[in-house]
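Student: Could you show me how to read burial, strand pairing and salt bridges from a set of coordinates?
Tutor: Let us take them one at a time, with the structure in view.

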Amino acid sequence: LSESGVPQLVQPMIWDYAADLDVAGKVHLIEKYRRCGFSKVWFASAFKGATGVNQSLTLIGHHLKNHLQWLEVASSSPADVLEGIALTGWQRYDHFSVLCELLPVAIPSLAVCLQALTNGGYSEKIKENVEKLLGMSNLETDTFMR
C-alpha cells in the first residue's frame, strides 16, 4: 500500500457509530494506517439515524457515548494524526426504506454531540449550556425526549 502512492493522495475515514466503541482497536488501526504511510485520518460518527431502520426518535445518550469514545481515541493517538471528524446524520438506510429520525427530533442530539466535541467532553455545565441554547428546561440523554 505504501509503495502504491495512495497514502499521499487520500486520507482514510474510520467509521463507527457504536456506543461501545473499541477504543484500543481504533488506536491500533490508526497505527497500522500510519505504518502504511497515511499521515492523517478522519473519524466518522453519527448524531442521528444509526440505531435502527425504524427508529423515530433519537436516543441522545447513545450518540453522546460514541462521541466521547471518539475523543478517547483521539487523545490516545498521536496529536497530529486526526484531520477531523464527520458527524453524519442518517435519515434513510437505503433508497427503499422509510425515513427515520427526522432532523427536528435530532437537533438536541446534534447540539449535545457538537458541544461534547468542542469542549473535549461532557458535563453538567455543558448540558445546561445546551438547554439554554435550545430553550429547553430538561435535556434528557438516557431516555427519549418528551
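Tutor: Buried means under 20% relative accessible area, exposed over 50%, and partly exposed in between. Please keep in mind that this is a predicted model.

Student: With that cut-off, are K26 and D16 buried or exposed?
Tutor: K26 is buried, and D16 is buried too. These two residues form a salt bridge, in which the closest N and O atoms are 2.9 Å apart. The pair links distant parts of the chain, since K26 sits in helix α1 whereas D16 is in the loop between β1 and α1, 10 residues apart.

Student: How many salt bridges does the structure hold?
Tutor: There are three. One of them joins the side chains of D80 and R34, at 3.3 Å from N to O. D80 belongs to the loop between α2 and β3 and R34 to helix α1, so this pair ties together parts that are 46 residues apart in sequence. Here D80 is partly exposed, with a relative accessible area of 42%, and R34 is partly exposed as well, at 32%.

Student: What separates K127 and E131 along helix α4?
Tutor: Because they are four residues apart in helix α4 (residues 124-134), about one helical turn separates them.

Student: Turning to the strands, in which sense do β1 and β2 pair?
Tutor: As a general idea, the side chains in a regular strand alternate between the two faces of the sheet. In this model, strand β1 (residues 13-15) pairs with β2 in the parallel sense over three bridges, and I14 has F43 as its bridge partner in β2. The chain passes from β1 through α1 to β2, and this β-α-β crossover is right-handed. On to the next pairing: β2 and strand β3 (residues 82-89) run parallel and are joined by seven bridges, with G89 in β3 as the bridge partner of K48. The path from β2 through α2 to β3 is again a β-α-β crossover, and this crossover is right-handed.

Student: Which residues make up the largest nonpolar core?
Tutor: A nonpolar core joins buried residues through side-chain atoms within 4.5 Å. The largest one here has 10 residues, including I14, V27, F43, W70 and V73. The elements giving two or more residues to this core are α1 (23-35), β2 (41-48) and α2 (60-75), and the largest share, three residues, comes from α1. Apart from this core lies another, of eight residues, among them L64 and I126.

Definitions and conventions. Residues are numbered from 1 along each chain as its sequence is written. This is a predicted model: local features need pLDDT of at least 70, side-chain atom pairs count only at pLDDT 80 or more; totals for chains, interfaces and linings use all residues. Side-chain values use heavy atoms; hydrogens and water are left out. Buried means under 20% relative accessible area, exposed over 50%, partly exposed in between (1.4 Å probe, protein chains only). Two strands pair if DSSP finds at least two bridges between them. A crossover is right-handed if, with the strands pointing away from the viewer, the path from the first strand over the helix to the second runs clockwise. A salt bridge is a side-chain nitrogen of Lys or Arg within 4 Å of a carboxyl oxygen of Asp or Glu.
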